[in-house]
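Subject: Structure handover

Hi,

Here is the structure I promised to pass on to you. Have a look at it first, and then read on for what turned up in it.

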Amino acid sequence: MKIRKEESGQVLVLTALTMVLMLGFVGLAVDVGMLFHARRNMQIAADAAAIAGAVDYHIYGDASRAHSAALSAAAENGIEDLSNVTVNVPPQSGPNVSSPGFVEAIVNVPHFTVFMSLFGFRTVNVSARGVAGTPGPPDACVYVLDPKAPAAMDLQGSFTINAPECGVVVNSKDSDALQFTGGAGTLKAKWVSVVGGDGGHSSDSNPAPVTGAAPVSDPLGGLMGPTLDNGGCAGGDGFPGESGSTYSTTPKTVTLTGDLTTSAPGAGKALCFTQPVTLQNVTLGPGIYVFGNGVTLSGNISAIGVTLDVANGGVTIPTGGVNFGTAGNDATGLVAPTTGETAGVALMEPPGNNSMIQIQKGNATGNISGIIYAPSAELYLQDSGGDKSGGISFYADIIVGTLFDKTATMQINGYSGGGASRLKAISLVE
């Protein structure tokens, strides 16, 4: 009995010690759970910041804009002190270090603890990292967007369209949306997708078209660019006082010739013309050139960092032809800007302008490097359209309403835009 009396209270002591230990485990679990919850929120904020920055950079090509967009996204996702957010354009670590077109966002926020504070750990830093960008070239490089047109993509005679590294999309639901006339042509692409059907010599396509496909939307989302009446013009109508710029009187037109780089609008700015314009044997400096009544291209054209924005009227390359630098060299000819509102776009007719882009007869050569964007218009290549002298090399993504190739040769290499093409899908990569 005496032994039993001396052992009394041991269960109570053990129970108390066990309860303290259990409470410790509960406190630790609470702290760890809170930190995991904070980590999830930090990851959401980091991913959102990286995507927002990459999308902005994807459109404008401006690292400072992308940095600001990433910080705004982090704030919208619960990060109150933006000094805890680091944005690197391009990334400074990981497999995409120094890669253009990618944005890295790192969030590092101290969080208070409950149980762990009893042992001196009042705060624990919680970190998350996200990297977003454009990991590869666009899978499609030819988009024919008209949803109803018969023969929306019309290929006749001894045409040649060679786009082996990317796909062709035909959005029309017509039963003959993709039409082959004659058996002497070749359409070669990575894949060919047609919402409606195909007609004629569809065996000219390699691979065979896939019909009944789902339609796609305009990949540029209705890009308008500067217009004549939205205050985006820095000047225009003939570069007043510029040597080599001449006017005819009846009807009034503008002919631009010679080296006009000193009158260039500058990157991200626009010169606007209300009269019909002819660019003939001309060198243009960087910027956006807005044409309110169509443009004709002839002779030797050099335009680096340029968007030709045809707000109204069409684009004509006449019988005399045009030379866009050296064929097969994507650093000469008509080369799109890499920053600004029209980054990546070399030639455009904004939505609603249904005037034809016409490359006519014989002697068009050289390079167009950038997106050709005319979602309401027809791209028309007639009468060999350039293949007699090597043809035009399109380092381009072509987005048009309809496409008519009448025995012309088109070499299409999807536009990369220095790693930031507007058509590349933004995705989280780390």
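Two strands count as paired if DSSP finds at least two bridges between them. Please keep in mind throughout that this is a predicted model.

With that in hand, let's begin with strand 6. Strand 6 and strand 28 (residues 409-412) run parallel and are joined by 3 bridges; within this pairing, N162 has Q411 of strand 28 as its bridge partner. Strand 6 also pairs with strand 8 (residues 186-194), again in the parallel sense, over 8 bridges, and here A163 stands opposite A189. A further parallel partner is strand 4 (residues 140-144), which 4 bridges join to strand 6 (residues 160-170). In that case Y143 of the pair faces V169 in strand 6.

Next, the nonpolar cores. The largest one has 62 residues, and M153, L279, L308 and L403 are those with the most contacts inside it. Which residues does L279 touch, once its neighbours within four places in sequence are left aside? They are L256, L284, F291, V295, T296, L297, S298, I301 and L308. Another core lies apart from the largest one; it has 20 residues, including M42, A46, A70 and A128. As general background, nonpolar side chains in soluble globular proteins tend to be buried together.

Among the residues lining the largest cavity are L297, V315, F324, L347 and Q358. Strand 19 (315-317), strand 23 and strand 25 (371-382) are the elements that give two or more residues to this lining, with strand 23 providing the largest share, 3 residues. By class, the lining has 11 nonpolar residues, 1 polar residue and no charged ones.

Is E349 buried or exposed? Its relative accessible area is 0%, so E349 is buried, the cut-off for that being under 20%. Beyond its neighbours within four places in sequence, E349 is in contact with a set of residues that includes V310, G313, G314, V315, Y373 and P375.

Note on methods. Residues numbered from 1 in each chain as written. Predicted model: local features only at pLDDT ≥ 70, side-chain atom pairs only at ≥ 80, totals over all residues. Heavy atoms only, no water. Core = buried A, V, L, I, M, F, W, Y, C linked by side-chain atoms within 4.5 Å. Buried < 20%, exposed > 50% of the residue type's maximum accessible area, 1.4 Å probe, protein only. Contact = heavy atoms within 4.5 Å. 1 Å grid on protein atoms, 1.4 Å probe; cavity = no way out; pocket = protein on both sides within 12 Å on 5 of 7 lines; lining within 4 Å. Nonpolar A, V, L, I, M, F, W, Y, C, P; charged D, E, K, R; others polar.
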